[in-house]
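Please look through the sequence and the structure below, and keep both at hand while reading.

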Amino acid sequence: MLTTEVCDVTFSVVPAGDGMKSDTCAATIVTMLLSAARCNSRSPPGRPVLLGCRSPDKETFTCWWEPGIDGGLPTTHRLYYQRERPEGTQECPDYRTAGSNACFFDRNYTSIWVDYYLTVVASNALGNSTSDELKVDVMDIVKPDAPEHVTLKAEDREESLSLHVSWDHPRNVDTKSGWVTLEYQLRARQQQQQQRRRGGGHTNNWKEYKAGRQTQFTLYGVHPGTVFVVQVRCRLDYSAWSSWTDASYVNIPNSIRKEKPFWMSILALSGFLFLAALCIVVMKRKSVIQSLLPPVPGPKIRGVDFQLVKSGRAQDLASALIIQQDFAPAMAWNDYIDDDDYLIVSDHNTAGTQQRSLVISTSFSSKDNGAEQNFKDLKTTPTVNQEDCSCNLSIHSSYVDFEAHVELELDYSRVKDVTSDNIFLLESVDVPRPEKLREDYSKVVDSEMLLLQEKSNQLDCLKKLPPSNPQTDADLIDGGYVDAILTPPLG
Amino acid sequence: MPRNLTSVWLLLASISLGSRLANVAAAPICANGQTRCRVLSLANLFDRVIQHSARMHGISNELHSEFQEQYVVPSRNHIGRVSRNCHTSTLLTPNGKENAQRIAREELTEVILKLLMAWRDPLWHFHRIIAHQHDLANFSSDKALEMSAMVHELRKGVEKVAEKMQTLGMISNSVSTLSSLEDLLPSDSGEWRLMKDHELLYCFRRDSDKIQNYLKILKCRIVPEHGC
């Protein structure tokens with residue numbers, strides 16, 4: 001048996017024996033369908049369902065319902081309520097403010113700590129239906145709106161980076177009269193790249209913070225170069241939490257410190273400049289050293305090549321001495337030296353036996369004859385062959401035969417020790433001590449060069465002296481030393 | 001004879017001096033605004049009392065939700081109407097912000113005190129019941145005890161606030177003292193003994209919320225400049 005109920009009319013199809021064939025069944029079905037088509041347009045409404053109520057501020061509240069099956073006719077819904085006090089059933093004061101299928105109770109109709117018994121009645125021309133009763137105490141249905149104007153600001157403090165979050169209370173909550181106290185909670189997390197694609201629906205790795213009653217909060221220890229997501233919610237006294245605000249994103253910049261790049265650039269620039277200065281100094285070290293440490297003036301005897309003298313070879317020395325050059329008249333030089341002074345050039349053989357010394361008269365220029373005479377006188381003096389300088393000077397000591405003696409070379413190697421200054425002028429016959437003479441010799445070499453320079457012509461002349469006393473000369477020459485005595489000026 | 005008189009005078013002088021010294025020792029600690037002693041201002045007292053009441057309401061909330069899980073109270077699908085007859089239903093209390101702001105300060109203070117006094121015995125009784133029941137967890141018993149103690153302390157605190165307000169002339173002296181309030185209350189008919197645990201908790205949760213809100217409204221009416 002097939003039973004259906006359409007528009008409160010029960011159709012039952014009973015197969016009546018064998019006579020019932022498919023055609024009868026089909027006819028019944030068609031009839032049912034036609035009836036159904038007609039019935040859908042008219043019926044009492046279905047039972048509505050009260051969904052719930054909510055108070056955003058503990059001063060007003062709103063209730064919503066869901067209509068039942070539409071009966072095909074225009075249906076009206078009414079909400080009725082009762083309270084403990086005052087007694088009596090009343091109707092919803094405001095159907096419009098909260099939208100369709102909702103009832104809004106404003107301040108005048110809201111009583112806290114009082115039970116409301118709500119029902120919704122749906123009615124149309126054919127009838128009405130009543131929803132189940134809903135008991136509501138406004139105290140229990142408080143749920144505020146989400147906080148507003150969430151602002152995020154990344155801050156840079158001395159040691160750390162922080163994120164400052166601030167917000168406002170929901171607009172419709174009265175915080176002035178002390179009636180309600182708002183409590184806030186916020187949650188934050190670092191935005192993951194893959195979550196962005198999925199819309200960030202992860203519940204893990206959210207960090208929750210209680211902000212209490214303040215409308216701001218600071219998150220410390222945020223990492224630079226990341227994106228942070230922050231949400232805030234609130235509740236009234238001990239009510240249910242509001243929904244989270246929309247996610248707010250903030251990008252924590254990488255190098256938020258403004259000072260650091262400045263100092264880094266200064267440091268880099270100074271380092272670069274220092275390196276450049278160093279390169280320049282290294283490249284021009286010679287000129288730098290020259291300017292910083294003025295060189296020791298080397299012996300500058302015009303006409304003498306000092307380098308050849310330094311080399312230490314006898315023939316070099318000779319050529320050094322005999323440089324053909326113009327040089328200043330002796331007058332200029334003689335101004336500094338007394339005419340009657342003599343110069344002793346001596347060297348002391350380290351073997352100990354012989355000592356050679358050279359006496360050069362400085363007054364040759366003006367008293368040539370006298371000088372020659374002097375030299376002649378000197379010839380006769382015996383030679384010295386002891387260490388200490390009892391220096392017998394011979395006239396032939398006015399010149400030195402450089403070429404023949406090795407010892408001379410040795411002695412002349414001392415030339416390298418040349419220091420500047422002092423022309424040692426001996427004014428007495430007494431021969432100074434060998435050390436002095438040694439020093440003098442070395443010193444004298446400086447001035448000797450000068451003198452010899454002056455006397456180059458003289459030397460030439462001297463060299464060309466006929467070997468009137470060849471033996472003596474040879475002795476002298478063979479002895480490899482120059483003996484010289486200082487004689488007082490004659491005349 | 002003069003020697004005796006002198007000795008008597010000396011004795012009297014010493015006694016008076018000693019008493020004066022004793023008086024100084026017995027003087028209130030916070031006389032003349034000494035720096036060491038901090039006299040609590042009315043705003044401070046209010047803040048403490050409000051914090052206390054908020055804490056109390058929080059505990060009652062927790063206990064109520066715990067009991068609601070254990071004892072399923074049909075809220076929507078029950079047949080007929082279970083009207084919660086809290087024993088404090090007879091008290092006339094303002095049912096909203098405007099009402100609380102409209103009634104006199106003295107009346108509001110009295111309502112708070114009456115509520116607090118009405119719950120002293122039921123909560124103590126409730127705690128004892130909970131402590132004896134073995135099937136309930138221990139933390140419920142601790143919370144019940146804390147709640148009971150808090151009601152007691154909160155009442156003392158509100159009484160102090162009322163005294164201070166009267167001293168400062170902010171409210172008239174018509175606020176009844178503790179003893180007279182007890183007389184005003186309906187005699188302890190033990191209505192609250194009929195309540196079941198969850199009903200009691202529901203009623204107390206409601207009343208503790210009332211107390212908290214009334215105190216906040218009162219504070220902002222009396223001392224509005226301090227965080228209202």
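In this predicted model, chain A and chain B bury between them an area of about 2,700 Å², and carbon and sulfur atoms give 44% of that area. The size of an interface is often given in this way, as the accessible area lost when the parts come together. On the side of chain A, the residues that lose the most area to chain B are A:Trp113, A:Trp179 and A:Tyr238, which together account for 27% of what that side buries. How many residues does each chain bring to the contact? Chain A gives 31 residues, and chain B gives 31 residues.

The interface can also be described by the pairs of atoms that meet across it. Between chain A and chain B the rule finds eight salt bridges, and one of them joins A:Asp174 to B:Lys97, with the closest N and O atoms 2.5 Å apart. Across this interface there are also 16 residue pairs in polar contact, counting pairs in which both residues have a pLDDT of 80 or more. Three elements of chain A give two or more residues to the side that touches chain B, namely strand 3 (49-54), strand 8 (115-124) and strand 10 (134-137). Strand 10 of chain A gives the most, with three residues. Sorted by class, the side of chain A that touches chain B holds eleven nonpolar, seven polar and 13 charged residues.

Strands of a sheet pair through backbone hydrogen bonds, either parallel or antiparallel. Strand 3 of chain A runs antiparallel to strand 4 (residues 61-66) of chain A, and five bridges join the two; in this pairing A:Leu50 stands opposite A:Trp65 of strand 4. The hairpin of strand 3 and strand 4 of chain A has six residues between the strands, and in this hairpin A:Lys58 takes a positive phi near 65°. Strand 4 of chain A is joined by four bridges to strand 7 (residues 102-105) of chain A, again in the antiparallel sense, and here A:Trp64 stands opposite A:Ala102 in strand 7.

Further along chain A, three strands form an open sheet in the order 11-12-15, with antiparallel pairing. Which strands stand at the edges of this sheet, and why is one side of each left without a neighbour? Strand 11 (148-156) and strand 15 (216-220) of chain A are at the edges, and because each has a single partner strand, one side of each has no neighbour in the sheet. From one strand to the next, the twist averages 20°. Strand 11 and strand 12 of chain A pair over seven bridges in the antiparallel sense, with A:Thr151 standing opposite A:Ser166 of strand 12, and a hairpin of four residues joins these two strands. Strand 12 (residues 161-168) of chain A is also joined to strand 15 of chain A, antiparallel to it, by five bridges. Along this second pairing, A:Val165 stands opposite A:Phe217, and A:Leu163 stands opposite A:Leu219.

Another open sheet of chain A is formed by four strands in the order 14-13-16-17, and the pairing in this sheet is antiparallel. Its edge strands are strand 14 (207-212) and strand 17 (248-251) of chain A, each of which pairs on one side only, and the twist in this sheet averages 25° from one strand to the next. Within the sheet, strand 13 (residues 182-190) and strand 16 (residues 227-236) of chain A run antiparallel and are joined by nine bridges, and A:Leu186 stands opposite A:Val232 of strand 16.

Over all chains the structure holds 24 salt bridges. Among them is the pair A:Arg78 and A:Glu91, whose side chains meet at 3.5 Å, N to O. This pair links distant parts of the chain, 13 residues apart, since A:Arg78 lies in strand 5 (residues 76-83) of chain A and A:Glu91 lies in strand 6 (residues 89-91) of chain A.

Notes:
Residues are numbered from 1 along each chain as its sequence is written. Chains are lettered from A and ligands numbered from 1 in the order in which they are written. This is a predicted model: local features need pLDDT of at least 70, side-chain atom pairs count only at pLDDT 80 or more; totals for chains, interfaces and linings use all residues. Side-chain values use heavy atoms; hydrogens and water are left out. Contact means heavy atoms within 4.5 Å. Buried area is the accessible area (1.4 Å probe) that two parts lose on being put together, summed over both. A salt bridge is a side-chain nitrogen of Lys or Arg within 4 Å of a carboxyl oxygen of Asp or Glu. A polar contact is a pair of N or O atoms within 3.5 Å; within protein, one must be able to donate a hydrogen and the other to accept it, and residues adjacent in sequence count only if both atoms are side-chain atoms. Ala, Val, Leu, Ile, Met, Phe, Trp, Tyr, Cys and Pro count as nonpolar, Asp, Glu, Lys and Arg as charged, and the others, Gly among them, as polar. Two strands pair if DSSP finds at least two bridges between them. Axes are lines fitted to C-alpha atoms, for helices over the stretch in contact, and angles run from 0 to 180 degrees between N-to-C directions.
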